[in-house]
Amino acid sequence: MRELSRDDALDGDVVARAVPVIETVIRRRCRHWKLPADLHDDLRSEAIVRLLRRLSDPELEPIGALDEYVAGLTSCVIDDLVRAVSPEWARLKHRVRYVLNHDDRFQVATLAGGQIRCSLQRTASIDRNRVKTRAATQLAQTMIEILREGEAERAVDELVSEVAARTGVEDPIFSSADRHLLSPATSPHLAAESTDSLRQLWSEILALPLRQRLALLLNARDAAGDSILPLLVAAQIVTMPDLAETLEIENAEFERLWNELPLIDAGIAERLQITRQQVINLRKAARDRLARRTGRSR
Amino acid sequence: MNEKLSRRESIADALGVGRGDHPSYEMLEQFVDGTADDVMREIIDSHRQVCTNCDAELRDLMSFSGRARGSTALYRLGAAVAAIALIIAGAVFLRRATTTKKPVRDLPTRTTIASTYGREDWDAAVRTTLARGAIERPAILADLRPSADVLRTPNTPDTRPTMSPVGAVIEETAPLLTWPVARGRFVVSVFDGFKRVARSGVLRSAEWRVSPPLARGRTYTWQVEIRRGDSVELLPSPPAPAALFHVLDESDAAELAEARRRFPNDHLLLGVLYARAGMQQEAVGELREHHGHIAASVEHW
């Protein structure tokens, strides 16, 4: 299969190819729930926005299999909405999946479109792997009863809904008012950059774990490719000695490093004794946390 | 002015601040099972500090799976108790079978109160609280609130009401620490015994969210280094007592999460459970409206 680069994001063909997959996943996963038409449209739009954002991220590898990726991404969008509307149902689903993966009386298959289906094992296992808590024992028993009574094989969502019905957990009930849950709005007073908001941002950067701080700051560059650390100093957000202390780098070493900034990920990975991909993941986590703490959104 | 503005925008843009995705179920499962590598653990820990949904999901899954230390211990304890009970029952049965039958004496019937919460310990705790109209202070709070150094003069201001959290049990593993000094540069350290477990960078505002997250079930001491020019002061400074707080253990945290999930509007139950865990402010908050006299007993701890 041809790999897709971020340039393809500009091509409407990618969206055209993704939309039928998105529609299929939304229809399949939400068919038992009454989903208002406008919310359905918003789910589709949010999936497209996330896909384009992913394709335009220069740090990430190109997507290998678009259809599978889009199916998984659409499921994530639906999961995000479900957990916001009905956290109890979402937690129940986690529990069901945990039992499916840790109890050898069940078997699980993930289909090409990302759908997860489960059934009972036909032969008794010798290993007897079980989750040994009372809640898990009860849940496993309920799941076995459901799978014995009805269809032998179920989609996990269907199984969760059945368990929910028997345990008094309500299925998610959606309304048009839930549309805002899909794309949290940017806080207007924070959207406008000001020295105060940058200071707040900096104080949140200080609160990041060290590895996330390093992954974020040592690599951060402006549109011209220059490190932003000199800009932070020039804007009087932080002094050089404070920067060195924040990064827990000796002053002498930091001065030497200053002229090499921004560092490439491989260089940061070497300093931290981790892989380049882990550096990227740490930076993503840092950005996500900063956004949530400061009310920013992309 | 425009140049300055564009410079600021470029700083925020370059940092690329933007919301990412929540951890996937697979990531949560690896975290719970202890198979996630340290970077993934750090990413999830960092995310759960700012995402209450994910934090609640993770706690629920840990409790459910028995991977939370406390719940595993409780489960094993329960199993052990059940086993001992079976042995005793068997022994009693054998003894009865081999001894002469004695006339059965009428014993008073034990009143059984129907379970309200589906948990005997909760039923009992609420029943006792209603009967007494008050809740006793849990012992842990005495440990967390040492008296000031004996040499302290009566006029020395007490720092306890102004640093936060101090002398308290908290639920969060990454609490926000605040202190009442507006100016200066600050460095915060958190200790478990004599071992420093967290340290901030240099801060300019009087608050810091602890990172990395703290282990549960431990008592911590914290202090703030205040730097002004070349001088360095410590907060709290002797003879004021050390600033201590305790992070709720896994089992109590899971219990509270279960109560909030199952009975979100039952302020009496939540208040009793918070009080039992030593979370004074939260207990008073729950009890104040409908159970003022009980709330008052907690306020006076």
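## A buried arginine

A:Arg283 counts as buried because its relative accessibility is 0%; the cut-offs are under 20% relative accessible area for buried, over 50% for exposed and partly exposed in between, with a 1.4 Å probe and protein chains only. You'll find A:Arg283 in helix 14 (residues 276-294) of chain A. Helices here are DSSP runs of H or I with at least four residues, strands are runs of E with at least two, and both are numbered from the N terminus.

What does the side chain of A:Arg283 make a polar contact with? The partner is the side chain of A:Asp265, at 2.9 Å. (A polar contact is a pair of N or O atoms within 3.5 Å; within protein, one must be able to donate a hydrogen and the other to accept it, and residues adjacent in sequence count only if both atoms are side-chain atoms.) Leaving out residues up to four places away in sequence, A:Arg283 touches A:Glu59, A:Ala215, A:Leu216, A:Asn219, A:Asp265 and A:Ile268, where contact means heavy atoms within 4.5 Å.

## How to read the model

This is a predicted model, in which local features need pLDDT of at least 70 and side-chain atom pairs count only at pLDDT 80 or more, while totals for chains, interfaces and linings use all residues. Residues are numbered from 1 along each chain as its sequence is written, chains are lettered from A and ligands numbered from 1 in the order written, and side-chain values use heavy atoms, without hydrogens or water.

## Where the chains meet

On the chain B side, 55 residues are in contact with 66 residues of chain A. The two chains bury about 5800 Å² between them, 55% of it on carbon and sulfur atoms; that is the accessible area (1.4 Å probe) lost on putting the two parts together, summed over both.

Nine salt bridges are counted between chain B and chain A, each a side-chain nitrogen of Lys or Arg within 4 Å of a carboxyl oxygen of Asp or Glu. One of them joins B:Glu26 and A:Arg97, at 2.8 Å from N to O.

## Cores

The largest nonpolar core has 62 residues, and those with the most contacts inside it are B:Trp179, B:Val190, B:Trp208 and B:Trp222. Such a core is a set of buried Ala, Val, Leu, Ile, Met, Phe, Trp, Tyr and Cys residues joined through side-chain atoms within 4.5 Å. Beyond its neighbours within four places in sequence, B:Trp208 has contacts including A:Leu206, A:Ala207, B:Trp179 and B:Val190.
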